[in-house]
Amino acid sequence: MKLLILLFLIALSFGGDYPKHVSQTLKKIKDNVYGVFGVYEQVSYENRGFISNAYFVVTDEGVLVVDALTTYKLGKELVETIRKITDKPVRFAVITHYHTDHFYGVGALKEAGAEIIAHEWANEYVSSPSSWNFYEARKKILKDHMDGTEMIPPDIVFSEGELKVQMGETVFEVKHLCRGHTPGDIVVWIPEKGVLFSGDLVFDGRLPFLGSGNSRTWLKCLEEILSMRPSVLLPGHGEPMLSWEKIEKSVKWTYRYISDLRTVIRKMIEEGKDIDYVRENINEALLKINPEYAQVPVFFDVNPVNAYYVFFEIENEMIEEGQ
Ligand SMILES: [Zn+2]
């Protein structure tokens with residue numbers, strides 16, 4: 001009996017926590033708009049890398065997918081999930097940014113017939129040595145979950161402004177609003193439905209990662225998102241945001257964190273502090289402005305990393321300003 005209970009407990013702790021198939025997380029968000037939702041964690045072998053969201057929209061003329069999840073296998077499960085809803089062809093997959101958790105599954109979407117749309121920067125990224133470092137690092141953690149995963153460049157790229165994709169009655173505006181979370185963030189906007197797929201530009205009370213884009217232009221991007229006034233905002237991580245109040249709160253939260261961090265670092269640089277000082281004191285300085293940051297998951301670990309990148313960004317800005 002004891003053994004049985006023990007086995008049951010082991011089964012619970014290893015078997016119950018994570019979805020075994022992407023389709024178990026499927027949610028219908030609005031007519032013809034669906035999402036699958038990864039856990040809000042770092043990549044681990046146990047979560048199979050299912051830490052990000054992907055979405056799909058079914059139109060009369062086929063399916064448009066937004067983002068491709070973290071591995072080829074998860075991408076395959078995404079395609080199987082789409083097949084549970086519709087047998088229409090998968091025509092396009094828009095990748096909001098070329099970070100591992102959003103584009104490593106593109107191989108499966110291409111096999112399903114999709115053309116991959118991304119920002120021009122994606123091409124630069126897949127051919128850079130640092131992308132291989134990330135690939136090796138992911139392989140170390142995910143091991144066999146990475147089988148079949150390849151870094152595949154997009155088929156259709158653009159750099160400025162927007163690309164319009166019309167499928168049946170539905171018009172998708174694929175836009176590059178700014179250099180924010182990465183140099184090549186794009187969002188997908190369905191004006192007629194008020195639905196915005198925002199990639200990793202908006203976070204719901206979590207810490208955004210500021211290591212590969214630009215914090216100053218990211219703020220401009222958030223202002224633009226507010227001015228679009230979406231009624232549904234579908235982020236790259238976390239829960240869908242289904243009301244304007246929720247969206248406004250999350251966009252403003254993201255804005256406030258980035259601007260607090262920038263303000264504090266600028267002041268420290270003006271006072272002649274160096275990067276080591278900034279990294280060691282940045283948590284305390286931000287908590288002085290807003291003690292609630294202490295409740296934000298991973299704040300104490302990620303905030304100093306963000307500070308490191310923003311320090312050099314602001315230093316450059318000050319050189320440009322002639323200070
Ligand atoms: Zn992400």
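**Close-up 1. Residues of helix α8 that meet helix α10.** In this predicted model, Leu261, Arg262, Ile265, Arg266 and Ile269 of α8 meet Asn306, Ala307, Val310, Phe311, Ile314, Glu315 and Met318 of α10. Sorted by class, this contact of α8 with α10 comprises eight nonpolar, one polar and three charged residues.

**Close-up 2. Geometry of the crossing of α8 and α10.** Helix α8 spans residues 244–270, and its axis comes within 9 Å of that of α10, the two crossing at roughly 60°. Because angles under 35 degrees count as roughly parallel and those of 65 to 115 as roughly perpendicular, α8 is classed as oblique to α10. The crossing in which α8 passes α10 is right-handed.

**Close-up 3. Packing of helix α9 against helix α10.** Helix α9 is formed by residues 275–289 and helix α10 by residues 299–321. These two helices pack at an angle of about 130°, and their axes lie 9 Å apart. This angle makes α9 oblique to α10. The crossing of α9 and α10 is right-handed.

**Close-up 4. Residues in the contact of α9 with α10.** From α9, the contact draws on Ile275, Val278, Arg279, Ile282, Asn283 and Leu286. From α10, the contributing residues are Phe300, Asn303, Pro304, Ala307, Tyr308 and Phe311. By class, nine nonpolar, two polar and one charged residues make up the contact of α9 with α10.

**Close-up 5. Ala307 and Phe311 of α10.** Ala307 and Phe311 are among the α10 residues that α8 meets, and both also take part in the contact with α9.

Methods:
Residues are numbered from 1 along each chain as its sequence is written. This is a predicted model: local features need pLDDT of at least 70, side-chain atom pairs count only at pLDDT 80 or more; totals for chains, interfaces and linings use all residues. Axes are lines fitted to C-alpha atoms, for helices over the stretch in contact, and angles run from 0 to 180 degrees between N-to-C directions. Helices (H or I, at least four residues) and strands (E, at least two) are DSSP runs, numbered from the N terminus. Angles under 35 degrees count as roughly parallel, over 145 as roughly antiparallel, 65 to 115 as roughly perpendicular and the rest as oblique. A crossing is left-handed if the near helix is turned anticlockwise from the far one by less than a right angle, and right-handed if clockwise. Two residues are in contact if their C-beta atoms, placed from the backbone, lie within 7 Å. Ala, Val, Leu, Ile, Met, Phe, Trp, Tyr, Cys and Pro count as nonpolar, Asp, Glu, Lys and Arg as charged, and the others, Gly among them, as polar.
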